[in-house]
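Subject: Structure handover

Hi,

Here is the structure I promised to pass on. Have a look at it first, and then read my notes below.

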Amino acid sequence: MRFLIFLFVILVMASSLISNFWPEYQYDFLVSFTINMFNTVFGYLVSKKYFNSINSVFYTMIYGTMFIRFMLMLSSMLILILNDFVNMVPFFISFMVFYVLFQMFEIKSLLSFNEANNE
């Protein structure tokens, strides 16, 4: 539940900033947010599912899905930019900002899984 609240808060904060300062790039920010949100949700679910498994399975699933998620995100970025569906510079900058924010959340969730497992 906290996971969904966190994503909703980021969406509200980002959309309010974007609509106030850059209304012409609102679509670009929304697309980058959506791609990164799906990436993070999938990473969170994989981490949660395989956290208590043996090390070889855990690392295989985490790093394997990380590679697949990265390739899917890279290909979606290239398709969107090369076909002029989004403006390149605002889309790329917002994509990187959202990626860093969501990776911080994903790492924090792994740390919380570890704390819960140690108790």
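Predicted model: local features only at pLDDT ≥ 70, side-chain atom pairs only at ≥ 80, totals over all residues.

Let's start with how helix 2 and helix 3 sit together. Helix 2 covers residues 26-50, and helix 3 runs over residues 55-82. Their axes come within 10 Å and cross at roughly 170°. With a cut-off of over 145 degrees for roughly antiparallel, that is the label this pair gets. On the helix 2 side, the contact is made by V31, I35, N36, N39, F42, G43, V46, S47 and Y50. Facing them from helix 3 are V57, F58, M61, I62, T65, R69, M73, S76 and L80. Sorted by class, this contact between helix 2 and helix 3 has eleven nonpolar, six polar and one charged residues.

R69, in helix 3, is worth a click. Is R69 buried or exposed? It is buried, because its relative accessible area is 9% and the cut-off for buried is under 20%. Its side chain makes a polar contact of 3.0 Å with the side chain of N39. Setting aside neighbours within four places in sequence, R69 is in contact with N39, F42, G43 and E106.

T40 is another polar detail, this time in helix 2. T40 counts as buried because its relative accessibility is 0%. The T40 side chain reaches the backbone oxygen of N36 at 2.9 Å.

Now the core. Which residues form the largest nonpolar core? There are nine: V31, I35, M73, M77, L80, I81, V86, F91 and F95. Helix 2, helix 3 and helix 4 (88-118) are the elements that give two or more residues to this core. Helix 3 gives the most, with four residues. As background, nonpolar side chains tend to be buried together in soluble globular proteins.

D84 lies in the loop between helix 3 and helix 4. D84 has a positive phi of about 55°, although it is not a glycine.

Cheers

How values were computed. Residues numbered from 1 in each chain as written. Heavy atoms only, no water. Buried < 20%, exposed > 50% of the residue type's maximum accessible area, 1.4 Å probe, protein only. Polar contact = N/O pair within 3.5 Å; in protein donor to acceptor, adjacent residues only side chain to side chain. Axes fitted to C-alpha atoms, helices over the stretch in contact; angles between N-to-C directions. Parallel < 35°, antiparallel > 145°, perpendicular 65-115°, else oblique. Contact = heavy atoms within 4.5 Å. Nonpolar A, V, L, I, M, F, W, Y, C, P; charged D, E, K, R; others polar. Core = buried A, V, L, I, M, F, W, Y, C linked by side-chain atoms within 4.5 Å.
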